[in-house]
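Hi,

Here is the structure I promised to pass along.

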Amino acid sequence: MKINENFLNLKDSYLFATVGKKTTAFKNAHPDKDVIRLSIGDVTLPLAPIVIDAMHAAVEELAHRESFKGYGPDQYCYGYEKLIESIKGSYSRKGVELKSSEVFISDGAKSDLGNILDLFSSDNTVLIPDPVYPAYLDVNVMAGRKVIFADATAANGFLPMPDENVHADIIYLCSPNNPTGAVYTREQLKQWVDYANRRDALILFDAAYEYFVNDSHLCRSIFEVEGARTCAVEICSYSKTAGFTGVRCGYTVVPEELMRGGTSLNRLWARRQSTKFNGVSYVTQMGAAAVFTEEGEKQIRENLGYYRKNAEMISACLDELGIWYTGGKNSPYIWMQCPDGMDSWEFFDYLLENANVVGTPGSGFGRNGEGFFRLTAFGSEENTREACRRIKQLLKK
Ligand code: PLP
């Protein structure tokens, strides 16, 4: 037998392992120091009470023969109508009308960001912003696809735009972005949509952080942009929106009019999912269905507001220090320029040793991340406040 040798082309990801190792080594050497992690990419607040109640009720249903559920309904690839309807409602409030057949329930965005590639030939060229969420690159390397990069730099506000001289078949966009926190404007997204439609390319739009957008001029879905239904798939998640990182639920929207190679991608995806996926647990789907109810949205917005305040605190700290950054406004990520020309790891060590604060070196997210540093708003308010105080003290001139 032969293995898929493309796996041998993957680069080892040392980023989070090295951050962890260096932090542990520092703590062991200085047990008296209170180290604060502003490197957390996971949520920390508990699930909303309405979600917990819905999950308890679902467990109770499973306890009785009359209400027991086995496999989910196969009409919508094992997604329950209650959940699909609530997702459609959430889109409707953004001004986007979807059909039930266009919403596919998943166990999170990460799975579908890779799984969707089953539909496309490995001959396609993939365009990925640099820096970016590392999974986009790795899933394409595993499939042996040619990957090219769109440079995200301080000069373009870490929001690369289409280049007419570059040919790409599959384009990954993530807005609000991880790691840069940068958010495309409606006009910028329109340029990407027009480019994709003109070139017969496909946009894979990662909207995992859309609920952090509170500026009404910004899009929370690519489908708010005219023309997107013929060139885009949107991949979403309850992870950051509603604290589902451990529960696992997401959804992918594939419009019915989206055709490539004379074939409906919606039909191909439905076929792929019904063959390789048996759905998300009933308890999880019922918990998720509570998220986009009126009361659910109110409760998740309280948690999002907590993280947003942390992001504001970090942004205010950098504003005061006169440090350039992106994000922090409609995103839980703050992407700062390292001071005094330090490279990303130099600044990591400097901040850990002198302020006992941990962040994530930008160079770990791609070549263009060198010289930048990611801070996150997912910590506690007290820790974030204290970290900002220490950062200010350390970096003020
Ligand atoms: N997309 C982006 C940009 C992310 O940052 C993450 C997680 O951090 C994911 C997708 C994965 O989300 P999920 O937990 O739904 O798999």
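Helices here are DSSP runs of at least four residues, numbered from the N terminus. Keep in mind that this is a predicted model.

Let's start with the ligand. The ligand sits in the largest pocket, with 15 residues around it. A109, D206, Y209, S237 and S239 are the closest of these. By class, that shell splits into seven nonpolar, four polar and four charged residues. Both α4 (109-115) and α7 (239-242) supply at least two of the shell residues, and α4 gives the largest share, with three.

As for polar atoms, a polar side-chain atom of Y209 lies 2.6 Å from a ligand oxygen. An N or O atom in the side chain of N178 is 2.8 Å from an oxygen atom of the ligand, while K110 puts a backbone N or O atom 2.9 Å from a ligand oxygen. The protein covers 91% of the 400 Å² of accessible area that the ligand has on its own.

Now the cavities. Searching the whole structure turns up two of 30 Å³ or more. The largest holds about 80 Å³ of space and is lined by 14 residues, with P46, T241, A242, G243 and N303 nearest its centre. α7 and α10 (294-321) each give two or more residues to that lining, and the largest share, four residues, comes from α10. The lining has 10 nonpolar, three polar and one charged residues.

The second largest cavity has about 40 Å³ of space. Its lining is P129, F158, L159, P160, C174, N177 and Y184: six nonpolar, one polar and no charged residues.

Cheers

Definitions and conventions. Residues numbered from 1 in each chain as written. Predicted model: local features only at pLDDT ≥ 70, side-chain atom pairs only at ≥ 80, totals over all residues. Heavy atoms only, no water. Near = heavy atom within 4 Å. Polar contact = N/O pair within 3.5 Å; in protein donor to acceptor, adjacent residues only side chain to side chain. Areas by Shrake-Rupley, 256 points an atom, 1.4 Å probe, with all protein chains shown as cover. 1 Å grid on protein atoms, 1.4 Å probe; cavity = no way out; pocket = protein on both sides within 12 Å on 5 of 7 lines; lining within 4 Å. Sits in = over half its atoms within 2 Å of the grid points. Nonpolar A, V, L, I, M, F, W, Y, C, P; charged D, E, K, R; others polar. Points joined across faces, edges and corners; volume = space filled by probe spheres on them.
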